[in-house]
Structures are given as C-alpha cells and as structure tokens.
Amino acid sequence: MKKYHLGEFEEIVILTIGVLYNEAYGVSIKKEIESRLSRSVSMGALHTALVRLENKGYVRSFEGESTEERMGRPRKYFQITAFGKQAMAYTKETRDALWQSIPKIVFDPKGTV
Amino acid sequence: MKHSPPKFFLRFFRWYCHPKLVDFIEGDLLEEYQERVRESGKRKADRKFIMEVLLLFRPGIIRPIKGYKNVNITDMYLSYFKLAWRVLLNHKGYSFINVSGLALGMTVALLIGLWIYDELSFNKYHKNYEDIAHVWGGRTNPETMNIEGLYALQYPVAEVLRNNFPQYFTHVSMAWWIGDYVLSTEDKKFNKIGLIVEEGFLDMLSLNMLKGSYQSLNDPHSVVLSASTAETIFGDEDPINQTLRINNRVEVKVTGVYEDIPHNSSFSEIQVFFPWPVLATFRGGMEGSETDWDNQFVNVYVQLQPNASMEAANAAIHDLYAKNVPADFYATMEKYQPFVQLIPMRTWHLYSEFENGKPAGGRITYVWLFSIVGVFVLLLACINFINLSTARSEKRAREVGVRKTMGSLKGQLITQFLSESFMTVLLAFALAVLLLVVLQTPFNALADKDIALPFDKLVFWGIALAFMLMTGFMAGLYPAFYLSSFQPVKVLKGVLRIGRFAALPRKVLVVVQFTVSVVLILGTLIVYQQIQHARHRPIGYDRQSLITVELSDPNYQGEEEVIRTELFNTGVVSAVATSDGPLTAIWNITGGYSWEGKDPNVEASFVTCNVTPDFGKTVGWEIVAGRDFSRDFATDTTDAIIINEAAVKYMGLEDPIGQKLTDVDEFGRPKWTKTIIGVVKDIIMASPYEPVGQTIYYFNDYASGLLHIKINPEVSASVALPIIEATLEKIVPSALFDYTFVDEEYGRKFSQEVRIGTLSGIFAMLAIFISCLGLFGLASFVAEQRTKEIGIRKVVGASVFNLWKLLSKDFVWLVLIACGMAIPIAYYFLSGWLQQYEYRTDISWWLWGITCLAALFITLLTVSYQTLKAASINPVQSLRSE
C-alpha cells in the first residue's frame, strides 16, 4: 500500500524545505539543492515538484514579501505540514529498515567479520 | 540598474503559465536572472533565462486549456438556485402560471409519449417479431386495375408454402379467425375468445408457457388456456388434464397454460388456443379443403428462417398460384393475376390499411398526429414561459444593470437565468409526474390501453432528463440571452425604452399560441361533426330494444321454430327472427350472379343474408317498393329475394320488382333463379362512413346462426331479459345466454372516432387553457406597466369602458390574426382527414365563425379581469405609486 509517496526529487525538495526552515522559497530552495548536492536544478523541475508536494498536502505555502529584484512579484514561502512530516518519517523509516536488512557481507565481500 | 530578461520569452512564459503560479515563478525567475546578470553578465543570464522558461513548459505549470476560474463553482450554482427560488416565491402569480402551464404541457407530452411508445412497441412481446409474417392474397380487379386482397387464403396455400419453401420458413401455420367460444365444465359455462391454430403456432408466438409446452396442442383433443382463463375456470385447482367442452360439441383436455399475452399484441384478446383438428367439428364442409383452390377462408402465418430475408421470401412465393394451381382451374383465375405476399408483423398494427396491395396507412396517422399535438402543447407552455420572462424583463433590468456593474459576466447572467428556468422546469416536472400518476387510469380508459407507468425503467428517467434539459433550454434560452444583453449604463439610467418593435417577438409568440389552439379547437369540432353526421345517417332499420343472440350451441339446431313460438308466448317479445348474418357486420359476400341486362364484364358480387320471413318485422326495415316476405305466399319459400336500394342501383334496374336473379357457377352454368319481390332501404351493416354494399336477403325458413329478438316496447329490457333467458334455457339448457343490444353494437362502430374526438377535445381544451394562462399573465403585466398612463387618462376624463377598450384592443388583434392564420391550416389538414371517409360532413363556414368568436370571447374574458382591474383603480393611487 502506498500510504505515503515521495519521489526521489520530491524527497530532496521537501528535505531542503526543512533545512531552510522559514526561508524556503523558489530561489533559495534551488540554490540550497544546487550547493549541497552539486547538481543543477531547473526552475521547471523544482516548481513542478513543489506543485506536486502542495497538491499531496505535504507542504503548505504562503505569500511573502517582494523585493526590488523580483519587480514586485511576491515570494512564495513553503512549510512542511504535519502530514508532510509523517511522510518524511515514513520514508526515512522504510529506508532505514531496508539498510538494516542488507546482509553485512554485501558491504564487506572479503569477509573480515 | 536593473536588467530586463528577453521580452518575448517572458511574455511566452506569462501566456502559458498557470495563473495561480505565474506571479511567484516569475518572481523567482527574475530574482535569479538579476543575480546571474551580476555574476556572469547579461548574455549568459539571458541564455539561462530562455532555458529555464523552456524547461518550465511542462504539465503542472501550464495553464489548463479550458480556462481557469478562481471562483468556487458549486457555491455560485447554489447561489443561482437560491436566487431562482427567491424569484419564484417573490412573484407567486407569475410562478404559478409558469409552473402550472409547463406542468400541464409536460403531462400532455408525457402521456402522448407513453401512448406512442406503446403503439410503437406493439407486438414486440413476441420474440420472433422481426420474422413473423401474415400471408396476404392479392389480385388485380380487372375493372379498376386496382390490387385488392385479403388475409383469407385457400387451404392448400399453407401446404405449398410448407413443402416448397423450407429454405425460407421455419414455421408455416394455419389459423382460423379469432372468435367467441363457450367453454363448459360439468356445472359452469364461460364465454371465451379463442383461436384455432395449427401446430407450431405457440412456438412461433414465443408464448411463455407456464404449464405444458409448445407441443401441448399436438393432441387433437387438447386445449391451451391463458393463465387468467385457467384461473377463472378452475380457480386454484391444477388445470392440467381437466376436461372442458367447447360449444357443447367437442370434449378436450387442458394440456397447457401460458402467461396472458400483453395488451399491446395483435393476439392479446385470445384466451384459449385450440388445436387445428377441432375446426372440422365446428365447421362443416372441410372435406376436400386440401385441394380446394376456390375457397379463401383460412389465415396463414409464417416464421422466416433466421438467415432468410423478407424480400427474398416474398419474391420467391409471389407467383405461388401460377405454379401450383391446376391448369384448368388457374384459367378461371388468370385474369385476376392472383399472388401472395408476406405482411411482416411490424406493419400489422400501424399500417393496417392497404392501398393498391401495399400496406399504406392506419394507426401511424394517429401516431404522427398525436406526436405533433404533444410537441405543440409543450411549445405553448414554453411560449408562456418565454413571454412572461421577457415581459418582466423591464422589472429585472435594474437587477441586470447592478449585476453587470458589480462585475458579472454575460455568461454568468445567462447561467443565472437558465438556472431559474431549470428550477421552474424541475418543479413543473415534479408536478407533471404527480399528474401522470393521477391521470394514468382515466387516460388508459380513454385511450383503450393498459399502459404502465415506466418509473422503474432507467430509460424513462434518461429520456425525462433529456426532455427537461430540452424544455429548460427551449423555455429559458431566449429570456436568458435577451436579459443578459442589456447595457448597464442605459438600464441604470432608466432609459430602457425598448422601442416599437421590442414587443414584436412576444406578439408573434402569442399569435403562434392562438393559432395552434384554434386549429386544435377546429379539429375537435370537425371530428365531432363528422361523428354526428355519421350517427344521424339513416341506418335503415329500428335498432331500439333489439337484441341479438348467437346460436353457437349445436342443440339450437332445429329448435328455431320452438324458440320463436315460446318467446312469442312470453309476451315480452314483439317479434323474433333468425338469420345467418348479423345486422352490424357483413359475414357473407358471394359472387357469380347474373340478371337481365347485366354487363358481362361486371363481376357481380353481393352481400348475402339468409333470413326468416319475420326478419323485416323484427328489425323494422323499410320497404320502398314491392312487399316484405310473407308465409302467405307459397312461392316465397323457394323463390323470393329482397334486395336493397344499393343493389337496385348496382344492377341498373329500372323496375326491380319481378326481375329474376340467377346464380351461376364459375363456369357460367346457372344454378338457380329467384324473383325480386321487394326493395328495402339500405341497412348499414359495415362502416357507417362507407356506402352500403349491394345486398340480397334470401327467404329461408331454416336460416340459423343468429337470433334477433325485438323486445316489446311496453316492457322494459330489465324485465324482458330474464324472461327471455329463462325461456331459452328451458329449450336448450346447454347453451350460454349471450346477447348483445344491436344499438350498442352499432355504437361501437364509432368508438375509434369518438376516442380521437375526445382526445383531441381534451388536448384542445388544454391548449386553449395554457394559452389563456399566458395571456392572463401578459395582460396583468401590461396593466401594471401602464398604471400611470391609465391614471393620467382617467384624470383627463377617460371612462372605464374607454380604458378597457384601449387595453384589450392589442390582444384582440393578436387573436384575430391567429384566427386568420388558423383557418387555412386547419382547412388543409381537416379536409385531408375527411378524405378517408366516403360518407363525410362538409366543413361549414359557420363553424369557422363560431370558433373565432369563441376564441375572441375567451380572450376578452381572460384579459378583461386584468384590464378592468387596472381601469377601475383610483388615479390618485396609481399616480402616487412609485
């Protein structure tokens, strides 16, 4: 059963939103991902992921202030919802459980144990 | 300094991006762009920007194609309906007129729809509906070159079809004619309608056998009953293997029971099926039928092979006579070019009339007629709705103005007005369904149907929904577009002077309404006039207190003389006679006569009837020349015939009395010769709309089959009937006393026309009622609108009568125009309808006059209530009102 579903990129985005805490909006998220993961992210990919996350109810958004650079366009800040936190926890747990279940020998094929 | 990104791509982005997202993403793009310009220069930043815009072009970001509304649609619709409901409540009078008018119109349309559905589904109960056919024998009349024909066929036809065309037919089955039979158990007698059929007939009709099987009629002494018949005869007992006597002549065993055939089948009236061999016991002279190509007297039904086509089968059997009739006999038939054809089941009911050998018309005319009437009555109700909504538009113009100023779009206003219209339609439909439930029984009685309410059928609700949508759109579209197109500036300034022609569409619609109503009224009147015309036609005998008893029991044979004297002795009877044909139908037509001066090419066929000498006295026919039969003349017994006036004309006789009539066989050899002793006035036996056929009455003391009794005029029928019954019972105890009053039987000839007349009368009344409702609403609106004008006119000295004249004039004009238009339309259709009757009424001009006067009168009556009310208001009040 797919109770929670987070795609790989979505997971990265939502984690980044968490990292940025109150400062998560389009450009900041993009920069954070690009610097931390050293991969380039297009606006399109990012906003699509944000729209999806919002539609799934994992994040909520609110209109923020605007700056001169943005020519008066407001920023849209994102926050993780309680449901989103559950989804993240679930994802982490399943990953951890999978990690645990991997036999040691996989990482240590030479058999030092 | 700020740099701006490539304009074209920015615009492109704004064009495709979802409106909800456009501001934020654009902000992000711009913020990033400015940073890039700072970091790596404008050219690189531009290139990056273009890349980003192109990469943003993906689902999730692109705006939906259908356009995006940022409002909560359900809330808006709820608001529309709330408003619609309030508008309805606010104008109770108008709403009542609208809803009740529409409900009436819908009820009529629904009833007519059910009726048409029933007509179109006729015979579909039978699973082999598409494959069953009735064989019809046609021939060309050498005088007129017209193709005439009958369903009655020669006995060997069935045999030929069965043996020579197995590739076309799965079943070929002969059947006798549907008739009355007396079924009796030890102690009870029942009169039931039955049909004698060959094996395979039940199978062909795909009857639902509750007991027994399709083989149940294979035993020559078996009988198959309908479920309801089995119940009336045997009650709760198991009918299987019970013994019944039929007409007191033959004993049979019940071997099967079938589910009652529904009313919309050609075989619905049949309650009993008998096996074919039974026929021989009822009807003498069956010996040699197998090879008798002369006598046309049986029905032949066929069922096609699943892969055979009707056309192919028809073509194959067309010249059956030429190929199968022995050559010497065919020579006598050849000049008629006889042929057979298949009449498929689907045409039996709706196309029952033949024209030149092809099924041409019949009830389908009424199906069309009523469809048109239904559509029109519904149209009238819709017109009311349209007229009242547009007329009231001035009142709502301000509302529209305010709404538009507040930012309402035209489309939204249209939706609002349409939702009002749907609300009305919905209410009307609920009311119509209620009315339908109430009217079901009377309607079924009126239309002679057994139509069930189709509320359990999904199709009905589907159609009802489509129907409501259609009516809602029809009624609401025009007001919706008209009202929503007002310009707020003009409307709010109060300069909604709609011009001279603004009311024109409304007037045209009123004219349409009244044209339809007047046509319907005229139609009804003409139908009634035609019925009256035919009713008042002299029928040639006295049908008062005359009863006919069918002597089907064999024990009557030879008792006629006793019955006559015994009945006479009771004193309640003034005359008694027997004959072999009834007064209200033609049973025998015989050809092959000759007389002095006969044109040898004329095929002389006459209606014939054997009667006892008292027949004339009993039925009270009128002798116009010569004398009645009499026992005083010894020669009458063997030599005398009486003919009717039509026969005199047909034979072309100057002085018929004393002329001789000779019967010749098919080879022209005389069989006998009789003398005409009298001429009687034409007696209407068949249709009262047709000319009376040339008829010969034979003196025959042993005429049997039907007993005619003239009840003594001084004794009431209720006293006389039990005495007559007791007398007959005493003489023939086995027989069931089953009588008909001749005047009732005769009255039945009009039932079809009376039904049409009543139905069209009701529709006409509804039509005029709906039209008047609309007119009433319009008049009240006009009176309201002109309150001030009326006040001023009164102040300057106009009388109430003046004002009444002023206000009513407009409406009277409209109705007069409608009458002017209705007359040619009605004349066209009605003269067409009357063409089908030989004996028809003229369409008289005073009828037009009366109808138009009546329409005017009704109009004035409707309008006057409002106009007088408006005219009699104290001007102080009306001028103060604001």
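The legends below describe close-up views of a predicted model. Residues are numbered from 1 along each chain as its sequence is written, and chains are lettered from A and ligands numbered from 1 in the order in which they are written. Because the model is predicted, local features need pLDDT of at least 70 and side-chain atom pairs count only at pLDDT 80 or more, while totals for chains, interfaces and linings use all residues.

**View 1. Helix 14 and helix 26 of chain B.** Helix 14 (residues 363-391) and helix 26 (residues 751-785) of chain B pack at an angle of about 10°, with their axes 9 Å apart; helices here are DSSP runs of H or I with at least four residues, and strands are E runs of at least two, numbered from the N terminus. Axes are lines fitted to C-alpha atoms, for helices over the stretch in contact, and angles run from 0 to 180 degrees between N-to-C directions. The two helices are therefore roughly parallel to each other, a term used for angles under 35 degrees.

View 2. B:Lys358 is the bridge partner of B:Glu355, and B:Asn356, in the hairpin with two residues between the strands, takes a positive phi near 50°.

**View 3. Where chain B touches chain A.** In this view, 18 residues of chain B are in contact with 17 residues of chain A, contact meaning that C-beta atoms, placed from the backbone, lie within 7 Å. The largest share of chain B's side, 11 residues, comes from helix 2 of chain B.

Key. Parallel < 35°, antiparallel > 145°, perpendicular 65-115°, else oblique. Pairing = 2+ DSSP bridges. Contact = placed C-beta atoms within 7 Å.
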